[in-house]
Amino acid sequence: MQSLHFKNDTLLEIATFLVRRWSEKQKVIVGIVDQQEIQTKLKENKVIMFPLDHFYGTDFQKYRQFRTALWYESMRLKHSNKILSNDHAFGFLLNTLETRRIENRGRREWRGMDEEIIFYYGFAWLYRPLLNSLYGKSRIVEGFFQYFLLGDIKGEVTPSAFKKIKKAAEIANEAVKQAVDNNFGTDWLEKKVSEIIKILEIDPLLTIPISIPKISSGIAVSDNDFIKTIGKITKFHESDFGELNPKRIAEGKSVIEEFKVLLQETKKNENRGLSTESIGISIPSSTNVDETRIYDEDLISNLKAKFKEWKTGWREQHVNTGEEFDEETYMEGSHKPFFTDQKISIKTRIVILLDHSSSIANEELQYKKATLALCEVLSFLKVKFSVYAFNTEQKQVTCWLVKPENIKWNNLAAKRLAQIKANGGTPLAEVYSIMFSGLRSKKPDIFLTLTDGEPSDPDAVRSMVTTFKLLGIRMVAIGVGPDTASATIIANNLKRLGYENTLAVSRLNDIPNRVLNVLGRN
Amino acid sequence: MLAESLYIDWNNSFEVLNKAFDTDLFVLIIGPKGTGKTTLVREFAAKKDKKLESVNFSLRTRESHLVGSKTLESGSIGFEQGILVKSMKEDSILYLDEINAAEADVLLRLDEALDDRRQLVLKESSGELIQASKGWFVIATINPLTHVGTKELPPQILSRFPVRIRLEYPPEEIELQIIKKYISGSHDKELLQAIKLANILRQAASVEELYYSPSLRETIAFGKILDSGVKPRHAAEIIFANIYSQWGNVEYQKVNDIITSMFGN
């Protein structure tokens with residue numbers, strides 16, 4: 001489960017980037033969830049995809065379908081103002097018409113998608129159900145879908161049903177053309193759906209089953225058969241897409257490089273042994289999480305501006321000897337007339353442990369915003385850091401890995417942080433002992449614990465702190481309290497537990513500053 | 001003369017500069033790199049028929065570059081004027097490019113000359129008092145703080161430039177016109193796509209999803225490369241995508257994929 005999740009990391013990173021650029025909406029969230037249908041929620045700015053292995057064909061073909069599906073959802077986000085549920089006829093038909101409309105609109109800007117769209121249709125053709133395998137009126141709706149989007153029907157229907165399908169497809173094509181030519185939106189097209197429903201003679205609330213292919217997804221199609229299918233689709237769309245080469249489409253050379261990167265990254269992650277970092281440490285694995293709510297852009301940019309000098313990397317310093325002579329300083333009588341640039345870098349490796357016990361529940365969001373800002377700045381300053389958090393789930397303490405040291409901080413790490421619920425007590429010693437084996441081998445320079453209360457096991461904590469100190473790790477704790485007085489009390493209590501350095505914070509937004517100052521002193 | 005024909009004043013910057021010039025108020029131009037700040041100033045100076053003295057600030061710019069330094073020639077001590085003193089005396093326009101890259105001591109010295117008295121005591125040369133001529137005019141530019149090597153300007157320096165012009169990337173149509181001034185071929189369709197691509201990347205960089213934001217220089221370079229016969233897809237890769245590979249394969253591939261979906265193969 002965990003290794004699969006990390007394999008999805010790069011995929012999710014690229015997918016999120018692409019959706020945001022394609023849809024021109026900067027805050028869209030992409031999730032990969034094991035479900036039957038791809039879903040886009042306009043109001044929530046969310047696209048929920050299913051994992052790659054739900055698509056068909058070889059791994060590369062699966063990736064190409066994933067990418068094109070993602071493009072379609074981005075176009076929906078950009079050009080649609082309504083997405084209805086696919087499980088009744090009205091919604092299914094509107095979404096089908098919209099698919100063509102947004103595809104047309106999207107292709108004006110994204111001309112490079114043409115071959116990928118045809119490829120996608122090719123697979124749709126292979127894996128749509130045979131009409132004679134469907135029962136009742138949903139057969140005619142599926143027939144309409146196939147005829148309208150793919151140019152033909154699979155299997156058989158009665159001549160009268162076929163006539164209806166043909167007529168409905170004609171009306172639909174005309175409607176989409178008008179909508180595209182006149183820049184009409186979803187609402188205009190929605191009015192045309194009733195007309196199509198009338199022609200197909202169906203109930204608008206007719207239940208439409210989710211299309212599940214009859215061929216198992218593991219069976220690959222022969223190259224020749226696939227090229228033939230694509231040839232057929234290309235012919236059907238020729239008036240729209242112009243002349244395309246089916247063989248070239250099947251090869252998909254334009255996206256192969258991107259796929260190779262995905263493979264390489266997955267391999268890299270596997271080599272780093274991420275999936276089994278340490279026994280007892282879990283990785284938050286849900287991707288269907290809105291991490292944007294814990295981003296406080298103002299706080300992040302303020303901090304970045306404040307610590308900018310650390311980022312520029314070079315500081316001018318005057319020295320006794322050197323190659324560059326500064327006559328001005330010399331004339332002023334300085335003993336250090338040479339100047340040199342000194343690299344400012346923070347070489348300290350830091351491990352951060354975030355308390356997620358129930359006492360922070362009231363201010364959980366603010367706490368997460370502050371800690372996320374800290375991570376953003378650390379990553380901006382290129383500090384080597386890892387982030388852990390702990391809470392209690394089902395009466396058992398869980399230590400979560402939010403960001404390992406060797407993986408860069410990104411929105412996926414933020415997703416992991418966002419989903420950890422503040423719950424339970426503060427069994428610090430237990431958490432320390434879970435982390436001990438991992439840290440013994442990695443030996444960070446600083447181990448920083450952010451906590452808002454007294455640990456439930458102070459004696460055990462004292463002994464664990466001593467153990468870590470013996471390894472040469474500097475133990476620092478920051479007490480977080482609702483006001484100065486309680487923050488100071490917490491910090492004082494922590495001091496008695498043997499930490500080398502304890503600090504108090506009452507304003508959550510001060511957390512990043514405090515941590516960075518600890519690093520700066522080192 | 002060349003600069004004159006290259007700048008398109010799409011947000012009426014000249015009007016503001018003229019008004020500031022007439023009222024003797026110094027101007028600060030704020031905007032990301034490659035938005036045409038320098039071209040604007042150059043053309044303004046040409047229009048006013050004034051000499052332009054420019055300093056491009058960096059960590060290495062020292063007081064002596066601005067004010068001047070003592071020289072020793074054939075046994076006698078002389079003084080070579082720096083660009084600030086020269087422009088104050090010569091009635092020219094002083095252009096302080098990327099002033100927020102300057103060190104604090106350099107800014108202090110500038111502050112002295114920029115205040116209402118417009119004068120400078122040359123402690124480097126027997127305490128001579130330099131009084132700026134009547135038509136002396138100063139324009140400074142700063143890059144937004146997100147740029148590496150930039151610092152926040154101290155408030156007293158900011159207040160010396162009460163007229164502020166914001167120069168952003170121009171709208172697509174204007175950017176197209178600007179690029180066309182530099183090229184001879186006709187590739188409007190491809191150029192518009194490249195501008196759209198640049199805007200997408202600028203947007204992504206502004207929310208820090210990418211580490212680099214392409215400037216007008218890149219879109220102009222794209223036009224020039226097209227002129228030389230390179231195919232649009234390849235040109236986009238050379239100009240816009242390759243730079244991102246320094247931040248790893250994934251960063252490069254993200255951008256390359258946007259290019260693929262835009263230009264195809």
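In the predicted model, B:V27 has B:V163 of β9(B) as its bridge partner. This pair belongs to a parallel pairing of β1(B) with β9(B) that extends over four bridges. Strand β1(B) also pairs with β8(B), again in the parallel sense and over four bridges.

**Helix α2 of chain B**

Helix α2(B) spans residues 13-22, and its buried residues are B:S13, B:L17, B:A20 and B:F21. These buried residues line one face of the helix, because they fall within an arc of 100 degrees when viewed down the axis of α2(B). Their cover includes β1 (27-30), α3 (37-47), β8 (137-142) and β9 (163-166) of chain B. On the face turned away from the buried side of α2(B), the residues B:E15, B:K19 and B:D22 are exposed. Just after the helix, B:D24 adopts a positive phi of about 60 degrees.

**Chain B as a whole**

Chain B comprises 265 residues, of which 38% count as buried. Its secondary structure consists of twelve helices and nine strands. Along the principal axes, the C-alpha atoms of chain B fill a box of roughly 70 × 40 × 40 Å. Among contacts in chain B with a separation of 6 or more, 69% link residues 24 or more positions apart.

The chain is divided into domain 1 (2-166) and domain 2 (172-263). Nine residues from domain 1 of chain B and eight residues from domain 2 of chain B form the contact between them. On the domain 1 side, the residues in this contact comprise four nonpolar, four polar and one charged.

| Chain | Domain pair | Distance between C-alpha centres |
|---|---|---|
| Chain A | domain 1 and domain 3 | 51 Å |
| Chain B | domain 1 and domain 2 | 32 Å |

**Chain A: domains and sheet**

For chain A, the domain assignment gives domain 1 (55-257), domain 2 (315-344) and domain 3 (349-521). Chain A contains an open sheet of seven strands with mixed pairing, in the order β4-β10-β9-β8-β11-β12-β13. Its edge strands, each pairing on one side only, are β4 (281-282) and β13 (501-505) of chain A.

**The interface between the chains**

Contact between the two chains involves 31 residues of chain A and 29 residues of chain B. On the chain A side, the elements that give two or more residues are α1 (2-23), α4 (114-127), α11 (253-271), α13 (308-312) and α14 (327-331). Helix α11(A) provides the largest share of that side, with eight residues. By class, the side of chain A that touches chain B holds nine nonpolar, six polar and 16 charged residues.

Note on methods: Residues are numbered from 1 along each chain as its sequence is written. Chains are lettered from A and ligands numbered from 1 in the order in which they are written. This is a predicted model: local features need pLDDT of at least 70, side-chain atom pairs count only at pLDDT 80 or more; totals for chains, interfaces and linings use all residues. Domain bounds come from an automatic or database domain assignment. Two residues are in contact if their C-beta atoms, placed from the backbone, lie within 7 Å. Ala, Val, Leu, Ile, Met, Phe, Trp, Tyr, Cys and Pro count as nonpolar, Asp, Glu, Lys and Arg as charged, and the others, Gly among them, as polar. A residue is buried if 20 or more other C-beta atoms lie within 10 Å of its own, exposed if 12 or fewer, and partly exposed in between; C-beta atoms are placed from the backbone. The arc is that of the directions from the helix axis to the C-beta atoms. Two strands pair if DSSP finds at least two bridges between them.
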